[in-house]
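This briefing goes through a protein model by topic, beginning with a single residue and moving on to the fold, the sheet and the core. Please keep the sequence and the structure in view while reading.

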Amino acid sequence: EEAVKIFAASKPDTIRVILMDVMMPVMDGLQATRAIRTLNRADALRVPIIAMTANAYDDDVERALEAGMNEYIAKPVEMRKLIDTVKKVL
């Protein structure tokens with residue numbers, strides 16, 4: 001929920017990438033991603049969102065991508081993988 005509020009309050013195109021934990025209280029990462037993607041601003045559709053979670057099964061990846069995430073990183077996060085993924089989406 002906080003991620004959605006922060007993105008919504010930011011100036012357009014100032015947030016270049018979002019690292020989104022999938023398992024969060026109040027609003028999970030899938031719900032937060034859907035909420036960001038439906039905001040009435042152009043950058044909401046193009047800001048890269050990278051899922052980060054310990055659940056790395058094919059159906060988890062599929063749900064993340066269907067929610068509007070661009071990439072998926074399994075925990076524990078390997079720094080090289082994170083850097084490469086951020087470079088890829090940017």
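A residue is called buried here when its relative accessible area is under 20%. The model is a predicted one, and in it Ser10 has a relative accessible area of 16%, so Ser10 counts as buried. The points below place this residue first and then describe the protein around it.

**Ser10 and its surroundings**

- Ser10 lies in the loop that runs between α1 and β1, and the residues with which Ser10 is in contact, once its neighbours within four places in sequence are set aside, are Ile15 and Arg41.

**Overall fold and dimensions**

- Five helices and three strands make up the secondary structure of the protein, and when they are read along the sequence they follow the pattern α-β-α-α-β-α-β-α.
- The radius of gyration of the protein is 12 Å, close to the 12 Å that the globule rule gives for 90 residues, and the protein is therefore as compact as a globular protein of that length.
- Along its principal axes, the C-alpha trace of the protein spans about 30 × 30 × 20 Å.
- Of the 90 residues in the protein, 36% count as buried, while the accessible surface comes to about 5,700 Å², with 56% of that surface belonging to carbon and sulfur atoms.

- The three strands form an open sheet in the order β1-β2-β3, and their pairing is parallel.
- The edges of the sheet are taken by β1 and by β3 (71–74), each of which has a single partner strand, so one side of each is left without a neighbour in the sheet.
- Neighbouring strands of this sheet are turned against each other by 30 degrees on average, with direction ignored.
- Strand β1 (residues 18–21) is joined to the parallel strand β2 (residues 49–53) by four bridges, and in β2 the bridge partner of Asp21 is Met52.
- Four bridges also join β2 to β3, which run parallel, and here the bridge partner of Thr53 in β3 is Ala74.
- Helix α2 packs on the sheet and touches β1 and β2, with a direction that makes about 145 degrees with that of β1.
- Helix α5 (residues 79–89) likewise packs on the sheet, where α5 touches β1, β2 and β3, and the direction of α5 makes about 175 degrees with that of β3.

- The largest nonpolar core has 16 residues, and the members that touch the most other members are Ile18, Met20, Ile36, Ile49 and Met69.
- At least two residues of this core come from each of α1 (2–9), β1, α2 (29–37), β2 and α4 (58–67), and α2 gives the most to the core, with three residues.
- Apart from its neighbours within four places in sequence, Ile18 is in contact with Phe7, Ile36, Val47, Pro48, Ile49 and Ile50.

Terms used. Residues numbered from 1 in each chain as written. Predicted model: local features only at pLDDT ≥ 70, side-chain atom pairs only at ≥ 80, totals over all residues. Heavy atoms only, no water. Pairing = 2+ DSSP bridges. Core = buried A, V, L, I, M, F, W, Y, C linked by side-chain atoms within 4.5 Å. Buried < 20%, exposed > 50% of the residue type's maximum accessible area, 1.4 Å probe, protein only. Contact = heavy atoms within 4.5 Å. Rg over C-alpha atoms; globule rule 2.2 N^0.38 Å. Areas by Shrake-Rupley, 256 points an atom, 1.4 Å probe, with all protein chains shown as cover. Axes fitted to C-alpha atoms, helices over the stretch in contact; angles between N-to-C directions.
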